[in-house]
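Here is a quick tour for anyone meeting this structure for the first time.

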Amino acid sequence: MADRIVITEAMRSRIGCDFPAWIYEVTTTSVRAFARGVGCTDPVYYDEAAARAAGYRGLPAPPTYLGTPIFIPDQSSDISSRPLAAEPSIEHGLAAQLDGGTDTEYYAQICAGDTLSAVSRITDLELRQSKSLGQMLVMTSETTFTRLDTGACVAMQRRRWIFY
Amino acid sequence: MAVTWDSFAVGDTLPERVKTPGIAELVKFAAGSGDFNPLHYDYGSMQAKKLGSIIVHGRYKYASLGQLVCEWLGHSGRISRISCEYRGMDLPDRPLICRGHVVRKWEQDGAKLAELALWIENADGAITTPGSAIVAFD
């Protein structure tokens, strides 16, 4: 538990800066695997004929699924599967981390066959006090997802990270 | 049975969806999401020992709230925004009761929109995962 966390100028200077882009793939296999992992029963996530009958271009991405980040062993986390350099991060020196929440805004339908470029930035850093955890550093990030083929921004996801 | 724009009103409750993920389900979610944190599948891991148990992935709960909305909405509407906070931990093999209701219904710039309050409560009635969504009808 941290006695006193300080948000340094170096940490603040990261706010608003883009992290490197990373590719997230939405494929028939990955959509089915995510839907299966959640326990979705709707055939549209599995059967292409059902998806087209429901009006989709292909298997629709299940809610909250924004593709699977490309995994490359020395560039991706073996625990989270997320890209090491592209995930928003700051040097806070705190040992523990919690996921505070996720907020996804959609601008277009995402379907199997879409390849997305994801770019993240940190939008806020603040200190908060928790009864159970003591002082916490709360980081908010934004990731925009853009289709490689059309250049259209299809979604934005905000995340709240809690370090303590 | 999916709703249509004319078939629901503010105050309506979404049909609840109860999920009771055990280790097998959490392993499948780890495979589908890429989150292989042993906190979610290995009782012997350092993380699980610290907490006293493995716990359900936060993102599994977020996706389950999405599933709740889509089962109500059907495919003549889409989710415009969905969010949640991971306030409390949930343990495996316990019911996660996904619930929601309509808090607002309105038209704006030709779009037909509704706002939903969403949450997951555990068997004791404690809300572990509060959330919300905005849906748009064709």
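## The second largest cavity

The lining residues of the second largest cavity split into 7 nonpolar, 2 polar and 2 charged. Here Ala, Val, Leu, Ile, Met, Phe, Trp, Tyr, Cys and Pro count as nonpolar, Asp, Glu, Lys and Arg as charged, and the others, Gly among them, as polar. Before going on: this is a predicted model, where local features need pLDDT of at least 70 and side-chain atom pairs count only at pLDDT 80 or more, while totals for chains, interfaces and linings use all residues. Residues are numbered from 1 along each chain as its sequence is written, chains are lettered from A and ligands numbered from 1 in the order in which they are written, and side-chain values use heavy atoms, with hydrogens and water left out.

This cavity has a volume of about 50 Å³. Among its lining residues are Trp22(A), Tyr24(A), Glu87(A) and Arg159(A). Strand β4(A) gives the most to the lining, with 3 residues. (On a 1 Å grid over the protein atoms alone, a cavity is a set of points where a 1.4 Å probe fits but cannot get out, and a pocket is an open set with protein on both sides within 12 Å along at least five of seven lines; lining residues have an atom within 4 Å of a point. A volume is the space filled by probe spheres set on the points, which are joined across faces, edges and corners.)

## The largest cavity

What is the volume of the largest cavity? It comes to about 230 Å³. Of its 19 lining residues, Ala61(A), Gln109(A), Cys70(B), Arg78(B) and Ile79(B) lie nearest the centre. By class, the lining has 14 nonpolar, 4 polar and 1 charged residues.

An open sheet of 11 strands, with antiparallel pairing, runs from β2(A) to β1(B). Those two strands stand at the edges with a single partner each, so one side of each is left without a neighbour in the sheet. (Strands are DSSP runs of E, at least two residues, and helices are runs of H or I, at least four, numbered from the N terminus; two strands pair if DSSP finds at least two bridges between them.)

At one end, β1(A) and β2(A) pair over 2 bridges, and Glu25(A) has Thr68(A) as its bridge partner.
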